[in-house]
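Colleague: I should like to learn how to read the features of a model such as this one. May we begin with the aromatic rings?

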Amino acid sequence: SIFTVNIDPTRRYVYFQIKGGKAFLEHIDESDPMPGQVSSFFTFHIYFRGQRFKSRPIPCACEPQIDEGFLLELHKDSSGKLNFDKL
């Protein structure tokens, strides 16, 4: 998907993208939905250093078509190094 976002060129970002999935069998609902309907969905919730993101509802399937992206801002501590113990 194509999107436009305003970013501050003085800050650092990482773009986290989920393109697909495999082996999501335990999330598939075994009940019989109506033809053409999906009975189960799942959603990704991302929390990264105070930033919260949520994906769109994704129909459950063995190999779901996810195609979601999240722009995460990388914050620096006072020394200018990324502090991994606070991620």
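Modeller: In this predicted model, the count of aromatic pairs comes to three. One of them is formed by F16 and F70, whose ring centres lie 6.3 Å apart with 25° between the planes, and this pair is stacked.

Colleague: How is a pair of aromatic rings described in general?

Modeller: Two quantities are given, the distance of the centres and the angle of the planes. For F16 and F70, the angle of 25° makes the pair stacked, because planes under 30 degrees apart count as such.

Colleague: Is F70 buried or exposed?

Modeller: F70 has a relative accessible area of 4% and is therefore buried. F16, at 37%, is partly exposed.

Colleague: Which residues make up the largest nonpolar core?

Modeller: That core has nine residues, namely I18, F42, I46, F48, I58, C60, I66, F70 and L72. The elements that contribute two or more residues to this core are β3 (45-48) and β6 (68-74). F70, already met in the stacked pair, is thus also a member of the core.

Colleague: What share of the chain is buried?

Modeller: Of the 87 residues in the protein chain, 20% are buried. The chain exposes about 7,000 Å², and carbon and sulfur atoms supply 54% of that area.

Colleague: What does Q51 touch?

Modeller: Not counting residues up to four places away in sequence, Q51 touches I46, L71, L72, E73 and H75. Q51 lies in strand β4 and is buried, with a relative accessible area of 15%. Among the residues touched by Q51, I46 and L72 belong to the largest nonpolar core.

Colleague: How are β3 and β4 arranged?

Modeller: The two strands run antiparallel and are joined by four bridges. In one of these strands, β4, K54 is the bridge partner of H45. β3 and β4 form a hairpin with two residues between them, and R49 in the turn has a positive phi of about 45°.

Colleague: What is the secondary structure of the protein chain as a whole?

Modeller: The chain has zero helices and six strands, so the order from the N terminus, by the DSSP assignment, reads β-β-β-β-β-β. As to contacts between residues at least 6 apart in sequence, 54% join residues at least 24 apart.

Colleague: How should the confidence be read?

Modeller: Where pLDDT is low, the predicted coordinates should not be read in detail. Here the chain averages a pLDDT of 76, and 63% of the residues score at least 70.

How values were computed. Residues are numbered from 1 along each chain as its sequence is written. This is a predicted model: local features need pLDDT of at least 70, side-chain atom pairs count only at pLDDT 80 or more; totals for chains, interfaces and linings use all residues. Side-chain values use heavy atoms; hydrogens and water are left out. A nonpolar core is a set of buried Ala, Val, Leu, Ile, Met, Phe, Trp, Tyr and Cys residues joined through side-chain atoms within 4.5 Å. Buried means under 20% relative accessible area, exposed over 50%, partly exposed in between (1.4 Å probe, protein chains only). pLDDT is the predictor's confidence in each residue, from 0 to 100. Contact means heavy atoms within 4.5 Å. Accessible areas come from the Shrake-Rupley method with a 1.4 Å probe; for residues, only the protein chains shown count as cover. Two strands pair if DSSP finds at least two bridges between them. Rings of Phe, Tyr and Trp (its six-membered ring) pair if their centres lie within 6.5 Å; planes under 30 degrees apart count as stacked, over 60 as edge-to-face and the rest as tilted.
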